[in-house]
Structure formats: C-alpha cells, structure tokens
Amino acid sequence: VLLERLADDGLALRVLAAEYLGMLRVASAVPKLAALLGPNHPPRLRRAAIDALGEIRRPEATKALVAILKDGPAELHNSAATALSYIADPNAIAPLIEQLRNERNSTRHHVVRALGATLRAKPDAGARKVLRELANDNSVKVSLAAISSLAAAKDPADTPFLRDLVERGASDRRRAAAWALGEMRDAGSIDVLAGALSSAKD
C-alpha cells in the first residue's frame, strides 16, 4: 500500500509514504524511491526520498544519490551526503573522489563527508590520500570535513599527518586534528596533544 502511495496525486501523502518506507526499511521500495530523485519532482518529495534511501541503507541507491551530489540542487546535497554515509557503499568511493578532484562548488564539504563515512566500511589508501590533501584546503568547511573523515577512517597510518597538523596547522585545523587523534585513541599522540593544550595559539 505504501508503495502505491508514492504515486498519489497529493504531495503530502507521497512524502509521508516515502518517510514511512524509510522508517520501515522496505528494501523493495528502493527503485521507486530512487526514481523520485529526478528534477521533475518537488524538492520536498525528493528530500523525503533521499532520507528514506539512507534509512533503508541499500547499495542499489548509491548511484542515484551520488548523482544528486554531482548534479542536483545544492539544498539537497546535505541529505544526499547523509544518506550515502548511512549506506557506506564502497562503490561510491571512486565517483566521490572524481567529483572532489574535478569540482569546487560551495557544497564540496558534503562530498568529503560522504567519502569519509564510506571509508568506515572499506579502507582505501587512495581515498585517505585525497582526504589528507583536502585537510589543507582553502575552504575551512572542506578541510574540517576531511580531518573528521580521517578520524572516521581510523587508520593508524594517518596519525603522523594529524600530529603535524596539531603542531603546525592553523588554529581551526589544529583543534580538529587534536579531536581526530582523540577519536582514534592514538596513545603515541599524547605528548603532541599535551603540547597543544598548553599552547597559547589556541
């Protein structure tokens, strides 16, 4: 019944159906929900469908969600990134990296966030290298998202880079890197973190 309501004439009922399908994690709804992400549908319905796909957490939705991050309106990018974060499909890694390398729009930090969350499911050295590069991006939002993503990946190989950020980075990056090291529970960073706490820079 809920699947049928996705085609109802009333927008409010379609949105409600999408929301309930997400809450109930109805996997069979993924194709129909993904079809609602197209530009011919109202933004409110598109957002509800995106959120539902994130709740259902099926990798079949990855391609449509990545497309929203790439070509969809900016107001949907946050929701799409969150949905991709929940799904954490390794197949999203390559297109997200490609987008980060080729595009520099105002919502780029959402792409970074989606990439970092995906690395929780599948380690990827190439993706982590991109995140380290972005940790020094001119955009504060992008750099902080990259540092948070390194924390989410929890790869010990990134701790020397994060320690260096704590010691040499700008104040906002220093604080983020210190937090990341704490999240990673890196005992080897205790001295660096102690020095940061006593520093007058922050």
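1. The chain contains 13 helices and 0 strands, where helices (H or I, at least four residues) and strands (E, at least two) are DSSP runs numbered from the N terminus. Read along the sequence, the pattern is α-α-α-α-α-α-α-α-α-α-α-α-α. The model is a predicted one, in which local features need pLDDT of at least 70 and side-chain atom pairs count only at pLDDT 80 or more, while totals for chains, interfaces and linings use all residues. Residues are numbered from 1 along each chain as its sequence is written, and side-chain values use heavy atoms, with hydrogens and water left out.

2. Overall dimensions and surface come next. The C-alpha trace spans about 60 × 30 × 30 Å along its principal axes. The accessible surface of the chain is about 10,200 Å², and 53% of this surface belongs to carbon and sulfur atoms; such areas come from the Shrake-Rupley method with a 1.4 Å probe, and for residues only the protein chains shown count as cover.

3. Of the 202 residues, 47% count as buried. Buried means under 20% relative accessible area, exposed means over 50%, and partly exposed lies in between (1.4 Å probe, protein chains only). Among the contacts with a separation of 6 or more, 61% join residues 24 or more positions apart; a contact means heavy atoms within 4.5 Å.

4. The largest nonpolar core has 60 residues. A nonpolar core is a set of buried Ala, Val, Leu, Ile, Met, Phe, Trp, Tyr and Cys residues joined through side-chain atoms within 4.5 Å. The residues with the most contacts inside this core are Leu33, Ile50, Leu65, Leu69, Val112, Leu115 and Leu162. Leaving aside neighbours within four places in sequence, Leu33 is in contact with Leu6, Ala18, Ala49, Ala52, Leu53 and Ile56.

5. Helix H2 (residues 11–23) and helix H4 (residues 43–56) pack at an angle of about 10°, with axes 7 Å apart. Axes are lines fitted to C-alpha atoms, for helices over the stretch in contact, and angles run from 0 to 180 degrees between N-to-C directions. The two helices are therefore roughly parallel to each other, a term for angles under 35 degrees. The residues of the contact divide into 10 nonpolar, 1 polar and 4 charged. On the H2 side they include Leu11, Val15 and Ala18, and on the H4 side Leu45, Ala48 and Ala52 are among them.

6. Helix H8 (residues 108–118) is mostly covered, with 10 of its 11 residues buried.

7. Two loop residues may be compared with a helical one. Aspartate 8 lies in the loop between helix H1 (2–5) and H2 and is partly exposed, with a relative accessible area of 22%. Asparagine 105, in the loop between H7 and H8, is partly exposed at 30%. Asparagine 105 and lysine 70 are 35 residues apart in sequence and 9.8 Å apart in space, C-alpha to C-alpha.

8. Methionine 184 belongs to helix H12 (residues 171–184) and is buried, with a relative accessible area of 14%. Leaving aside neighbours within four places in sequence, methionine 184 is in contact with Leu150, Ala151, Lys154, Asp155, Pro156, Thr159 and Leu162.

Key: Angles under 35 degrees count as roughly parallel, over 145 as roughly antiparallel, 65 to 115 as roughly perpendicular and the rest as oblique. Ala, Val, Leu, Ile, Met, Phe, Trp, Tyr, Cys and Pro count as nonpolar, Asp, Glu, Lys and Arg as charged, and the others, Gly among them, as polar.
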